[in-house]
Amino acid sequence: MHVEQQQKVNSAKKADKKQRRCLAIIKTDCNVLPSEDPTVYLAILNVGLSNGLTEECLLDAASKTGGSVTEVVMLPGKSYCFLVCATLEDSQRIFLGMHNVSNIGQQGAVAYLSYVKELPALAGKCDWNRALPNGLVVIPDFVSEEEESKLLGAIAEDGRTTEGGTLKHRNVKHFGYEFLYGSNNVDPSKPLEQSIPSACDALWSRLESHASGWDWSIPDQLTVNEYEPGHGIPPHVDTHSAFLDPILSLSLQSDVVMDFRQGDEHVQVRLPRRSLLVMSGEARYDWTHGIRPKHIDVVPSVTGGLTTQARGKRTSFTFRRLRRAPCNCSFPTLCDTRQSRAPEELSVTLTEQAVSLEQQNVHEVYDKIADHFSETRHSPWPQVTEFLASFDPQSVVLDVGCGNGKYLSCNPHILSIGCDRAQGLLAVGRGKGQNVFRCDCLSVPVRSSSIDGCISIAVIHHLATGERRLSALREMARVLRPGGRALVYVWAKDQRRNDKKSAYLRQNKAVNKERTTEQQQRQKQQQELDQVPNNTPLPVHTNRTEFQQQDVLVPWKTKDEHRTTFLRYYHVFEERELVDLVSQVPDVRLLKSYYDQGNHCVIFEKRS
């Protein structure tokens, strides 16, 4: 008997300790305070939506105590929830019958309860109450159970061939055309032998009432995905230039929750088994959609609250029709056609306003951000250092666009001289005792044929026209003595090489860890930059993402209390574009061209 009593005492102490710890969490999270006296509000302290509790399970446990519940409050992402009881007597019954008794926790863990003074302010606020994006329609029971079996059977009969495969999060099979996940596109010149199964033909007549504004009535491409519980797909937009409007997705075998995002806007959509999702217009072109990799979804309950639903194996049929011309949608933020095609007025603007553009979006910006920029430029790139080390002692080497002078001390055996337009950056070099002077890279006040070597690292991509970039190379060639060598680095449009990301892209940790996508980041930046002046037709690039165009403005955000955003002009180079420029410079020969961490690079020599 003594042992049993001691066990009860130990259990009560454990429950009290757990109860106090959980109440502290709830107080911090939502400012809900415990009550020493019974109230109609009960907190279930250690079980909630985040660890798989369903509303049905909670109500069943409460009913077994004889108490009556009028409301269940379950908060997304929380391991606690709340009950509103009909009377104080009902509340006391439920407390005594469930606290440290009811095994509704994960793997049968016991639940801990407490009376609280009020419900959290978050109660009743839910993403499920938001309106669906424009153009998004969910048609429940689009196919019958018998048709579902026939569709799944048609896929199974076909078997797995080279037209299918396995991705990180799912098995996949294509019909009509293969969807290329690496580029999120299709190759219209390579149709597959296997067309869309005839079992799908019966579906199209049912869509006539919805299809009045669509670009197509019958698809020519089908992707079938099989998802096991816990699998998902990253947020994305189906490539605008690849497919017409709309995109259709048929959900078979299991329900799932799909997330739609537009910048900071977030809408959750439940896709019931055998339902058809129609994404058209704004929903197709301007919202990302994805499925989070989870085993349990949080969904609306029959009482109007939230509950959980375990996922089962799900198969989706995504129907599309190929687009065989550039996209002409009115949603430019995520449109690959609009992002990759320069505005018609851009070439004229760059030619007519090159000087003012460079003054406003290069020289003035670097003067304003000089100190902050210098703090981020401290490690010389290895292949630049190697080039500088190749010169004989006493050689004279000029760094055109030296910035804060980080390369001027790499080789102590040569005479290093630097020049730049930015006064603030030159001041950094002067503070280190370096030989620097101010000039424009298009007009370097150095005697012709007098310099043994030149470097120009990340400079001429700030010049707004091809002719001005060529002039900068000619100026470097002019000051070189016969046999002198120059090294030039420019930013590359392609920030991948052999499917490996550059250091620039690897810094985007949120994308690399699949917490977001480049598309979502572009949407969010578009909203943030609405207040930043941009008096040019140039698009604004989203930092640490793939470049969409060659002529762009790249944001720089200061780290002071103002967090000011400045826009710098860049022309990012296509492959061989720099080599082609060098070929137009008289009296030089190309020694080497290479790609180095997101940069195109050349070494050229002045002919003797």
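Does Arg274 count as buried or exposed, and at what relative accessibility? Arg274 counts as buried, at 14% relative accessibility, where buried means under 20% relative accessible area, exposed means over 50%, and partly exposed is what falls in between (1.4 Å probe, protein chains only). The model behind this value is a predicted one, in which local features need pLDDT of at least 70 and side-chain atom pairs count only at pLDDT 80 or more, while totals for chains, interfaces and linings use all residues. Residues are numbered from 1 along each chain as its sequence is written, and side-chain values use heavy atoms, with hydrogens and water left out.

Now for the overall picture. The chain has 15 helices and 28 strands, taken as DSSP runs numbered from the N terminus (H or I for helices, at least four residues; E for strands, at least two). Its radius of gyration comes out at 32 Å, whereas a compact globule of 608 residues would sit near 25 Å; the radius is taken over C-alpha atoms, and the globule rule is 2.2 Å times the number of residues to the power 0.38. Along the principal axes, the C-alpha trace spans about 100 × 65 × 45 Å. Of the 608 residues, 51% are buried. Among contacts (heavy atoms within 4.5 Å) between residues at least 6 apart in sequence, 70% join residues at least 24 apart.

Next, the nonpolar cores. Such a core is a set of buried Ala, Val, Leu, Ile, Met, Phe, Trp, Tyr and Cys residues joined through side-chain atoms within 4.5 Å. The largest one holds 32 residues, and Leu398, Cys454, Ile460, Leu473, Val488, Leu578 and Phe604 touch the most other members. Two or more residues each come from strand E18 (396-400), strand E21 (451-457), helix H11 (466-479), strand E22 (480-491), helix H15 (577-582) and strand E28 (599-606). H11 gives the largest share, six residues. Setting aside neighbours within four places in sequence, Leu398 has contacts that include Ile417, Cys419, Phe437, Val444, Cys454 and Val479. Apart from this core lies another, of 26 residues, including Ala354, Leu553, Leu567 and Val572.

On to the charged pairs. Side chains of opposite charge can pair when their charged atoms come close. A search of the whole structure turns up 22 salt bridges, each defined as a side-chain nitrogen of Lys or Arg within 4 Å of a carboxyl oxygen of Asp or Glu. In one of them, Lys78 pairs with Asp29, with 3.5 Å between the closest N and O atoms. Lys78 sits in the loop between strand E2 (69-74) and strand E3 (81-85) and Asp29 in helix H1 (residues 2-30), so this bridge ties together parts 49 residues apart in sequence. Lys78 is partly exposed at 25% relative accessibility, and Asp29 is partly exposed too, at 38%.

While Arg274 is buried, Asp141 is exposed, with a relative accessible area of 54%.

Glu467 and Arg474 also meet in a salt bridge, at 3.4 Å from N to O. Glu467 is partly exposed at 47% relative accessibility, as is Arg474 at 36%. Elsewhere, salt bridges with shared partners join Glu89, Asp90 and Arg93 into one network.
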